[in-house]
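Please look through the structure shown here before reading on. Some questions about it follow.

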Amino acid sequence: MPAPKQTTRRSLLVTSAVLSSLALAAPAAVAAPKPSDSPSASASPSATPPASMSSVGGARLGKPGTQVNLAGGVPVLPKDVSARSWIVADAESGDVLAAHNAHWRLAPASTLKMLFADTLLPEFPSDTKHKVVPADLAGIGAGSSMVGIKEEETYTVHDLWLGVFLRSGNDAVHVLSAMNGGVENTVKAMNEHAEELQALDTHVVSPDGYDAEGQVSSAYDLTLIARSGMQKKDFREYASTVRAKFPGQTKKGKKGKKVRESFEIQNTNRLLSGDSDVPVYEGIAGVKNGNTTNAGATFTGVAERGGKVLLVTVMNPEKPEHNEVYKETARLFDWGFKAAGKVQPVGELVPPKGAEQAQPGANPSGEAGGSGDGGSGTAGTGSKPVASAPAADGSSGMGIALGITGGVLVLLAGAAFLVNRRWPLPDLVRRRTRP
């Protein structure tokens, strides 16, 4: 005699929960195979993901296809998502709400600049000045996106990071790499940092994300990297700035006096700046987009709504529509905000290796160069978010959606981390209502 429907449904829910628990209990850092040195590692991948992928974050994340625990009250995933790989995660708890080929190694394009920024931001105070020499701009790939840096002109590090985040300028990346001892040294540092973050699908060849043989990452890794970057105050500022003034070329003005021109640059993240067919996404706060021949369109975004902060990464949508990567990201954000608190996670975003060794109560700097964030250092996790404020140097305050409260970035660590399995973002600055 068949079992009653209610009993059957309860059994399915229990089974789903058990499977989810087993996935989360899997080893947190199972190393994936090293990227292939063959051209196919960076060329357009096959139409299907490999049968065996990394299981960092949970066994289910290493399986091909869509992973989600649908149950009563959980909204159905959007059907019109064509990306080869994507992930929806809670940025604060680290829960992966749903994923599709999360560990498929694909060309990352300029989303790799998130790793570049997370690696190099602490190296130089934002007011450091640098005069560009021809060697700084050597080796930039043909057809690269550029912010318009000129030789023999002087720029601050703040200027250069605006060029990286807003215009995805490979010229800005190469100048910062030159300041860091060169491209080779920077690539080495980025690969070491990826390993520290447990972003084990990632292999860096070019610091700007330009197509290169063997250069790969994954939706899972890009999400880990974004989560790490968002711990830094200056990373959050740059990633969420909509537009800013950028220094131009020095010319002779009236009476022979030298004048430095400037021009406006706008963020190419269309969920942040908007476009004719893509509205600004409610609560968006960054992070980074990319597009190359091999990678197609890639994007990682962070958004806050109703007290929830989500990270979504989308890699290489197969639909040829304009701005498709942003449209699919928006649909996954919509699903995630509806599903948050209702859906059982299928895995987790693991913390960096060093998070377990950090001491509770530590006060790491939230700004590059160890300059802190200007607070008194007295606020804690219970502080209320402060109001949004305009960024310096002409940046649009509308774009700054995430910030810190009072000057303290709190990372749960030690025993607290082991119990709660959390690596939260700092307190949020809620976005003002747009006109």
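The questions and answers below concern a predicted model.

Q: How many helices and how many strands does the protein have?
A: This count covers the protein of the predicted model. The protein has 10 helices and 11 strands.

Q: What share of the residues in the protein is buried?
A: A residue counts as buried when its relative accessible area is under 20%. The protein has 435 residues, and the buried part of them is 54%.

Q: Among contacts between residues at least 6 apart in sequence, what share joins residues at least 24 apart?
A: A contact here means heavy atoms within 4.5 Å. Of the contacts between residues at least 6 apart in sequence, those that join residues at least 24 apart make up 70%.

Q: Are H2 and H3 roughly parallel or roughly antiparallel to each other?
A: Helix H2 covers residues 113–120 and helix H3 covers residues 157–167. Their axes are 10 Å apart, and the packing angle is about 155 degrees. An angle over 145 degrees counts as roughly antiparallel. H2 and H3 are therefore roughly antiparallel.

Q: Which residues in H3 meet H2?
A: On the H2 side, the residues are Lys113, Phe116, Ala117 and Leu120. By class, the contact has 6 nonpolar residues, no polar ones and 1 charged. The H3 residues that meet H2 are Trp161, Val164 and Phe165.

Q: How are H2 and H5 placed to each other, roughly parallel or roughly perpendicular?
A: Helix H5 spans residues 183–196, and its axis and that of H2 are 9 Å apart. The angle between H2 and H5 is about 95 degrees. Angles from 65 to 115 degrees count as roughly perpendicular. H2 and H5 are therefore roughly perpendicular.

Q: Which residues in H5 meet H2?
A: H2 takes part with Leu115, Phe116, Asp118, Thr119 and Leu120. The residues of this contact divide into 6 nonpolar, 3 polar and 1 charged. In H5, the residues that meet H2 are Thr186, Ala189, Met190, His193 and Ala194.

Q: Why is H7 largely enclosed by the rest of the structure?
A: Helix H7 runs over residues 233–240. Among its buried residues are Phe235, Arg236 and Tyr238. The buried residues of H7 pack against H2, H3, H6, H8 and strand S8. H7 is largely enclosed because, of its 8 residues, the number buried is 7.

Q: Is valine 204 buried or exposed?
A: Valine 204 sits in the loop between H5 and H6. Leaving aside neighbours within four places in sequence, valine 204 is in contact with residues including Leu112, Leu115 and Met190. Its relative accessible area is 2%, and under 20% counts as buried, so valine 204 is buried.

Q: Is asparagine 316 buried or exposed?
A: Asparagine 316 lies in strand S10, residues 308–317. Not counting residues up to four places away in sequence, asparagine 316 touches several residues, among them Ser82, Arg84 and Thr298. With a relative accessible area of 14%, asparagine 316 is buried.

Q: What separates the C-alpha atoms of glutamate 151 and glutamine 249?
A: Glutamate 151 is found in the loop between strand S4 and strand S5. With a relative accessible area of 42%, glutamate 151 is partly exposed. Glutamate 151 and glutamine 249 are 98 residues apart along the chain, and their C-alpha atoms are separated by 9.2 Å.

Definitions and conventions:
Residues numbered from 1 in each chain as written. Predicted model: local features only at pLDDT ≥ 70, side-chain atom pairs only at ≥ 80, totals over all residues. Heavy atoms only, no water. Helix = DSSP H or I, 4+ residues; strand = E, 2+ residues; numbered from the N terminus. Buried < 20%, exposed > 50% of the residue type's maximum accessible area, 1.4 Å probe, protein only. Axes fitted to C-alpha atoms, helices over the stretch in contact; angles between N-to-C directions. Parallel < 35°, antiparallel > 145°, perpendicular 65-115°, else oblique. Nonpolar A, V, L, I, M, F, W, Y, C, P; charged D, E, K, R; others polar.
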